[in-house]
Amino acid sequence: MSLDLMAPLMFGGLVVFLLIGYPVAFSLAATGLFFGLIGMQLGLLHPSLLQALPERVLGIMANSTLLAIPFFTFMGLILERSGMAEDLLDTIGQLFGSIRGGIAYAVVFVGALLAATTGVVAASVLAMGLISLPVMMRYGYSKQLASGVIAASGTLAQIIPPSLVLIVLADQMGASVGDLYEGALIPGLGLAALYAVWVFIVTLIRPEAAPGCPPESRTLYGSALIVKVFTSTIPPLVLIFLVLGTIFLGVATPTEGGAMGASGAILMALAKRRLSWDLLKQAVESTANMTSFVMFILVGSTVFSLVFRGVNGDLWVEHLLSDLPGGAVGFLIVVNVMIFLLAFFLDYFEIAFIMVPLLAPVAQKLGIDLVWFGVLLAVNMQTSFLHPPFGFALFYLRSVAPKSIKTTDIYWGAIPFVVIQVMMVAVVLAFPGIVTSNVSKAAGAISGTGADEIRRQLEAPGTQNDSVGEAPKPGGGKDDAKSEIEKMLNQQQ
């Protein structure tokens, strides 16, 4: 067996393991170790390759960016399990309940708020399914519209900051989490607006599918409603803006912002007298489960990627995708179609850990902005939650939906929202400015290719004497390393 065959066989072996149904983390690690041992037996790989594995795993454990995942997960679980999410939905339902589709609008609005507080799709879908679905059924909403709007609004947790997926994408692509947060804000809010527009269209075409609430169901009016809005909506909003604002402005890192959000959620639960030992225990256990899930997949993907790069798999993928007709446009079209199809079988974490490390270097080589590319992938990967028959949001909703709602109702209800998400992918492709115009990159941030960055560093003032207080070199000439870099760049040109 030649080294050229190892990469496609390795990728095909991983696909077989996943289709059989083995856990993703163990499939990644087993495929990597299996082909690594075969490569060493055949003399194609040096044993020192796998000796680098412990350092890679320890590097994952020392990655401070990943600490944001348990902090934001814990914050969202405290807000959801303390009943504050239920208060939000009840209050917004009282505000919009008198108009057609009012509860559906409330679900979209609260879904966006829960997305910004939980960052976890399961928590958002389960909370809104338990709270709002029985109410919508009682008032005569269409089963398909009710289930579709709840499942779709819950998936906003993937794209609206502080999304856990954006943290993982930033880590895998070597981009800034704050930049991805800034870039994803408008597409995320745009999706929420498009969901509301679809509800409005349904109320025009089929008014009976989304009726208004009867007057007897609205118990709050006037000053009582204002007080309820202030006490149940303003505190979570302030916490969201405080956490995201500190990250966007660069005052705090995502990890520090997550710690601030988790502390704020505990204080809010204490202020409402809803914090108990059982609630804390459940939140900690769920946070540990989610974090362990992410870390195991990350360790498995590290094993796979180490061996895959050892057999020149990254070059195989690069040649495969960079030689597509159409250049960068052809690459983007093929990648988005591939991610959309993979989302039928894999969830967003699996796609992020398996595909993104292979796609990001090719995108950077083609001159594609990695922040914009990451947001584009995040919007596309969001469809993985709503794809029949394996959409996780559909399964979450099925677990809490009453028996009167059939699984086919949930599937048919999700299809219009999948179409809306695909439309948003097209919008981000056609108008990159909705992502890039919001990103305020720090001075000296890396963009473009590695050669472009080296040129910028060579042209920057003060590069001739890097060390503070270093004496000028004789004749004021450039040092040898710099001359070699320039020579290599000139040869490249």
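## Helix H18

Helix H18 is mostly covered, with seven of its ten residues buried (under 20% relative accessible area; exposed is over 50%, partly exposed in between; 1.4 Å probe, protein chains only). The buried residues of H18 are Val356, Pro357, Leu358, Leu359, Ala360, Val362 and Ala363. Helices (H or I, at least four residues) and strands (E, at least two) are DSSP runs, numbered from the N terminus. After H18 comes Gly367, which has a positive phi near 80°.

Ala363 belongs to helix H18 and is buried, at a relative accessible area of 0%. Leaving aside neighbours within four places in sequence, Ala363 is in contact with Phe331, Ile368, Leu370 and Phe373, where contact means heavy atoms within 4.5 Å. Ala363 and Phe331 are 32 residues apart along the chain, and their C-alpha atoms are separated by 8.1 Å.

## Basis of the model

This is a predicted model, in which local features need pLDDT of at least 70 and side-chain atom pairs count only at pLDDT 80 or more, while totals for chains, interfaces and linings use all residues. Residues are numbered from 1 along each chain as its sequence is written, and side-chain values use heavy atoms, with hydrogens and water left out.

## Overall fold

The protein chain has 24 helices and zero strands. Of its 493 residues, 49% count as buried. Among contacts between residues at least 6 apart in sequence, 77% join residues at least 24 apart.

## Nonpolar core

The largest nonpolar core has 143 residues, of which Phe72, Met136, Tyr141, Phe331, Phe349, Phe373 and Leu386 touch the most other members. Helix H14 supplies the largest share of this core, twelve residues. Such a core is a set of buried Ala, Val, Leu, Ile, Met, Phe, Trp, Tyr and Cys residues joined through side-chain atoms within 4.5 Å.

Not counting residues up to four places away in sequence, Phe349 touches Leu164, Val168, Met290, Phe293, Val294 and Ile297.

## Cavities

On a 1 Å grid over the protein atoms alone, a cavity is a set of points where a 1.4 Å probe fits but cannot get out; lining residues have an atom within 4 Å of a point.

The largest cavity is lined by Leu28, Ser301, Phe304, Ser305, Phe308, Phe353, Ile354, Pro357 and Leu358. Helix H14 (277–310), helix H17 (348–354) and helix H18 (356–365) are the elements that give two or more residues to this lining. H14 gives the most, with four residues. The lining divides into seven nonpolar residues, two polar and no charged; Ala, Val, Leu, Ile, Met, Phe, Trp, Tyr, Cys and Pro count as nonpolar, Asp, Glu, Lys and Arg as charged, and the others, Gly among them, as polar.

## Two individual residues

Gln172 lies in helix H10 (residues 164–173) and counts as buried, at 18% relative accessibility. Not counting residues up to four places away in sequence, Gln172 touches Leu298, Ala352, Phe353, Val356 and Pro357.

Arg273 lies in the loop between helix H13 (254–271) and H14. Its phi is near 60°, a positive value in a residue other than glycine. Arg273 is exposed, with a relative accessible area of 80%.

Terms used:
On a 1 Å grid over the protein atoms alone, a cavity is a set of points where a 1.4 Å probe fits but cannot get out, and a pocket is an open set with protein on both sides within 12 Å along at least five of seven lines; lining residues have an atom within 4 Å of a point.
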